[in-house]
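Please read it with the structure open.

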Amino acid sequence: MSMSSPSAPAIDPESKSTASVRGRQTSQSMAVWLGALLCFVLAGSTGAFFRAAPWFGWTAGFDLGNVRHAHSHLMYFGWVMPAAMAILATHLSSRRIRTLGWATLWLAALSYPPFFLYGYGMATVGSMQLPLSVILATANLLAWYVLAGFYVMERGKAPDAARGFWDGAVGLLVLSSIGAWGLGVVQAIRPESSFWFAAALHLFLDLFAHGWILLFVLGCAALALDSSASLLLRWSRRLLIGAVPFTFVLSIPPSLVPPSLNVVGALGGLFAGIGALGVLVALLRAWGQRDDGGFWLPGLIAFLVVALAWIGMSIPDVGAWGLDAGLRIPYLHILLLGGATLGLWSAARATWGPGATPGHGLFVVASVLLLVSLWPLTGIFPGAWRGSWVMRAVLAGAAAPVLAAVYTVVRLGVTARST
Ligand code: HEM
């Protein structure tokens, strides 16, 4: 069952050649999807290694800081970006966006070894020292501008229900890239205050996650759940897109932020949270009127938690308490695994049908297990419950989505070989 069909080119649906062209385009886009899932497996295994290494007291000589960079970089650039591009390419019937998806996938995969071995430092290539990971990450960044250019050229083909969200998503992707360039400038100038480094870092990472990924997935959900007629959705979307650019301030350590900017961050968080709540209520209402599409629910619930967290973080004491209680990593994974990743799975299923996400239910359960397993690592877990079981549970939680995704990749691979 397919929740919504991608916007079709204006050609006769009865024609056999048209059907075969569309069939070929779909299988090529699904090949990018499969490549992105492989990156998810590798990035997830890297995260699980990060958790396991200190527990076993053996890091195999690797620097765990670099391991974490390799994990987050591959998740963003090798998983989220190509997966989203494959879905977008199908809806816009765009060969060039699909090709860009391939290029992004390869660039992300090539940058994995240098990130794992050297982080952002110099790699040794023969007798030369090169900032390989930075070079490849920069190429990945340039691909964002190419995506923005292609999108501007082809946005007329975007379905109405998704267009407003995708416009915002692409705009905020470009805005977030300014943070990445800013990081380079800050590292060259090395200003005395560490505010500038934190500001550039969070402009980059937070706008990528809150801006690009969240809005792209919400656009896919609005399209699949057919909620475009909702006035609440349209006004909340505008509020969300207008306020999200300021939410990065909430992630900067409060002691570094000038008071006037703190107010801007708090208002940004409050309005973005209210906007996101409005969008989610409209989507859940639309979902309630259908008897299919239940697979959207887990991702939308995760985004609901994110919206409430923004409203909470707009109160300075609550934000500081959250950071002190070690809620940053759970929050990030509710957003990126719970909201973004489960949302991309639902979008893939709505775009290509259930054959695109075999083992979907298993993956949802495994992702929830991971999120729950992060609770004992925070300051809000009752001390009396701690014990040696905690680390075992955390490890099992980290491995669960990786194993579920391996199952999906194998099933997709077997299907691809037999067709
Ligand atoms: C199988 C699923 C996943 C596992 C096992 C996993 C594991 C981890 C671990 C162990 C850390 C380091 C935590 C720490 O510093 O204490 C981490 C951080 C992080 N992860 Fe994941 N993660 C998963 C999914 C994801 C996804 C889907 C994304 C993004 C799309 C993501 C993005 C990040 C980011 C941005 C960080 C923070 C990096 C930093 O602080 O430098 N993770 N993850």
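1. Basis. This is a predicted model, in which local features need pLDDT of at least 70 and side-chain atom pairs count only at pLDDT 80 or more, while totals for chains, interfaces and linings use all residues. Residues are numbered from 1 along each chain as its sequence is written.

2. Overall fold. The chain holds 13 helices and two strands (DSSP runs numbered from the N terminus: H or I of at least four residues for helices, E of at least two for strands). Its C-alpha atoms fill a box of roughly 65 × 55 × 50 Å along the principal axes.

3. α5 and α6. The axes of helix α5 (residues 160-189) and α6 come within 7 Å and cross at roughly 165° (axes are lines fitted to C-alpha atoms, for helices over the stretch in contact; angles run from 0 to 180 degrees between N-to-C directions). The two helices are therefore roughly antiparallel (angles over 145 degrees; under 35 is roughly parallel, 65 to 115 roughly perpendicular and the rest oblique). The residues of this contact divide into 27 nonpolar, six polar and no charged (Ala, Val, Leu, Ile, Met, Phe, Trp, Tyr, Cys and Pro count as nonpolar, Asp, Glu, Lys and Arg as charged, the others, Gly among them, as polar).

4. α6 and α11. Helix α6 (residues 195-224) packs on α11 at about 35°, with the axes 9 Å apart. Residues of α6 that meet α11 include A209, I213 and C220, and those on the α11 side include L336, G339 and A347 (in contact means C-beta atoms, placed from the backbone, within 7 Å). The contact has 13 nonpolar, two polar and no charged residues.

5. α11 and α12. Helix α11 (residues 328-352) and helix α12 (residues 360-373) have axes within 10 Å that cross at roughly 175°, so this pair is roughly antiparallel too. Among the contact residues are W345 and R349 of α11 and F363 of α12. By class there are nine nonpolar, five polar and one charged.

Methods. Two residues are in contact if their C-beta atoms, placed from the backbone, lie within 7 Å.
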